[in-house]
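Please walk through this structure with me, one region at a time. Keep the sequence at hand as you read.

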Amino acid sequence: MNLWRRLSGRNRALALTSAGVLVAGGLVTLPVTAAQAATQCSVTYTTSDWPGGFTGTVTIKNIGDALTSWNLGFTFPNSSQRVVNGWSARWSQSGQNVTAQNESYNGALASGASTTIGFNGSWSGSNPKPTQFTLNGTVCNGGTPTTSTPPTSTPPTSTPPTSTPPTSTPPTSTPPTSQPPPGQRVDNPYAGVKGYVNPEWKAKAESVSGGNRVSNNPTAVWLDRIAAINGTPDSSSNGAMGVREHLDAALAQGAGYIQFVIYNLPGRDCSALASNGELGPDELPRYKSEYIDPIAAIQGDTKYRNLRIVNIIEIDSLPNLVTNTSGNAGGTVMCDTVKANGAYVNGVGYALAKLGAIGNVYNYIDAAHHGWIGWDSNFGPVADQLKAAAVASGSTVANVQGFIVNTANYSALKEPYVKITDTVNGQTVRQSKWADWNQYLDELSFAQAFRQKLVSIGFDSNIGMLIDTSRNGWGGTARPTGPGPSTSVDAYVDGGRVDRRFHTGNWCNQAGAGLGERPRANPETGIDAYVWVKPPGESDGSSKEIPNSEGKGFDRMCDPTYTGNARNGNSMSGALPDAPISGAWFAAQFQQLMQNAYPPLS
């Protein structure tokens with residue numbers, strides 16, 4: 001399933017049917033003239049308004065000859081009205097003129113057929129409705145709109161599809177989900193409410209002796225391919241439950257929040273092989289229309305508007321554009337490709353804009369970990385790269401509620417016996433082989449400092465950090481009880497550090513790891529929550545090549561016999577043997593994680 005293998009040091013620079021137009025509560029039915037021979041049409045246009053924004057729903061009915069494609073046009077009466085983002089059509093705006101072209105799956109409209117499209121918009125002053133619509137250049141209907149007093153609260157959203165549209169020919173008659181108004185979010189989605197316990201992970205955890213001690217902790221649901229949106233009952237790395245089933249289960253549990261991992265970028269995992277995805281580096285359109293759009297349609301269902309939906313955005317992506325492209329040790333052609341074509345930046349921007357338009361959704365972007373970007377050469381450039389993605393594809397920083405570090409990695413939360421400022425025999429800890437001039441030794445200090453950096457470059461001052469503590473406890477008999485000997489800086493650090501990996505660049509199924517802090521909100525200043533985004537017991541990757549149809553490759557960093565490469569200082573991989581493909585259940589690893597938990601399990 002991932003990740004975290006990058007290291008840099010001193011040697012490395014590192015998305016109905018009706019015959020009239022509904023305007024502000026009034027329905028105006030207008031005749032179609034004889035001049036509109038082949039193309040005849042009617043349009044309904046409704047909005048759900050709130051201060052400064054609105055969701056527009058447009059239903060097009062073809063009452064003429066059959067169409068193989070369509071192009072809808074209308075003009076906003078107010079120059080301040082803008083389309084922010086839309087769905088089920090390719091939306092564009094020039095001045096006050098708006099155009100919506102069909103998608104590949106809804107271009108065919110038989111005589112009498114309808115299709116519904118929608119968008120989120122902004123306005124100031126007033127939000128009047130358009131009075132004329134054209135379809136393929138033909139006027140559909142027009143006239144003077146009737147008016148009524150707008151609602152004082154946000155109208156209910158339209159009914160969503162009962163299931164996620166398939167990837168080829170989704171239904172064209174079911175209206176998309178209207179988004180709840182933004183601005184209703186709380187500062188911290190984790191605070192004061194209980195998290196969703198994934199019943200599929202719970203069952204796996206309880207299949208291992210003693211697993212019931214931790215099986216009621218909330219973990220994230222990974223959406224690592226298009227099929228996972230609807231559920232994959234025959235998969236070894238996904239469950240039978242799809243997005244809607246998980247959301248329904250969260251409501252049934254009375255959960256206050258649920259976590260999803262958005263993880264399917266084109267050319268995914270560009271610097272490793274264990275989690276290569278299904279989409280090629282040039283398949284950004286598929287990522288938008290077949291992956292992000294259906295997820296947004298389900299999450300935006302009004303049924304779930306009181307549930308806090310946390311999306312962890314694209315693990316293992318943006319930092320690669322800084323540390324694993326040409327000019328860096330271990331740079332790859334794939335990372336060069338997705339940097340050059342904008343697949344990662346525009347994909348993340350699109351996801352943020354699309355999902356961020358839903359008022360009860362909270363987006364947290366992945367920000368790697370201290371052992372990847374803690375060096376001076378990476379720290380600022382990665383922050384800038386995250387900012388570039390946050391404002392790409394129509395997104396703004398307002399769509400980002402925070403960032404997450406240590407996702408699916410093993411970096412210790414705190415190093416109690418070794419400080420970066422310590423000096424041994426005239427040498428600083430930064431000079432040790434383990435630190436290698438990194439500014440940080442643990443995730444908490446890194447996360448707090450990186451948050452300050454992100455705020456300084458334009459992110460909201462209220463952003464919060466998440467730290468994944470699912471596998472960074474490093475307890476058990478090997479856990480040090482004090483600092484190492486002062487004979488040398490390396491002996492001092494190696495003897496006292498609780499992170500027992502061979503190297504901070506080691507990321508796959510690490511031997512000796514343990515469960516870390518249990519999920520909880522507001523544990524430290526600037527930290528929204530400790531979370532278990534990577535479900536403990538799910539493999540990082542197979543220890544040998546295992547043929548599969550799930551897009552999972554084999555990376556030597558998951559091979560316990562591998563002696564390493566430049567990115568991990570040519571150290572042993574430290575991986576457990578007999579591991580299955582990424583995302584599949586790895587009972588032996590889960591047993592080890594419980595055994596070495598810190599704080600210990602009772």
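This is a predicted model: local features need pLDDT of at least 70, side-chain atom pairs count only at pLDDT 80 or more; totals for chains, interfaces and linings use all residues.

Start with the largest nonpolar core. It has 74 residues, and F403 and F450 touch the most other members. Helix α6, residues 343-356, gives the most to this core: eight residues. Now look around F403. Leaving out residues up to four places away in sequence, F403 touches Y364, I365, A367, L386, L454, F459, I463, G464, M465 and L466.

Next, find helix α3, residues 284-299, and its partner α6. Their axes come within 10 Å and cross at roughly 20°. Angles under 35 degrees count as roughly parallel, so α3 is roughly parallel to α6. The crossing of the two helices is right-handed. Which residues make the contact? From α3 come L284, Y287, K288, I292, D293, I295, A296 and Q299. From α6 come A343, N346, G347, Y350, A351, K354 and L355. Sorted by type, the residues of this contact are nine nonpolar, three polar and three charged.

Finally, go to S432. Where is S432 found? S432 lies in the loop between β18 (427-428) and α9 (443-456). Is S432 buried or exposed? S432 counts as buried, because its relative accessibility is 0%. Setting aside its neighbours within four places in sequence, S432 is in contact with V489, D490 and V493.

Note on methods. Residues are numbered from 1 along each chain as its sequence is written. Side-chain values use heavy atoms; hydrogens and water are left out. A nonpolar core is a set of buried Ala, Val, Leu, Ile, Met, Phe, Trp, Tyr and Cys residues joined through side-chain atoms within 4.5 Å. Buried means under 20% relative accessible area, exposed over 50%, partly exposed in between (1.4 Å probe, protein chains only). Helices (H or I, at least four residues) and strands (E, at least two) are DSSP runs, numbered from the N terminus. Contact means heavy atoms within 4.5 Å. Axes are lines fitted to C-alpha atoms, for helices over the stretch in contact, and angles run from 0 to 180 degrees between N-to-C directions. Angles under 35 degrees count as roughly parallel, over 145 as roughly antiparallel, 65 to 115 as roughly perpendicular and the rest as oblique. A crossing is left-handed if the near helix is turned anticlockwise from the far one by less than a right angle, and right-handed if clockwise. Ala, Val, Leu, Ile, Met, Phe, Trp, Tyr, Cys and Pro count as nonpolar, Asp, Glu, Lys and Arg as charged, and the others, Gly among them, as polar.
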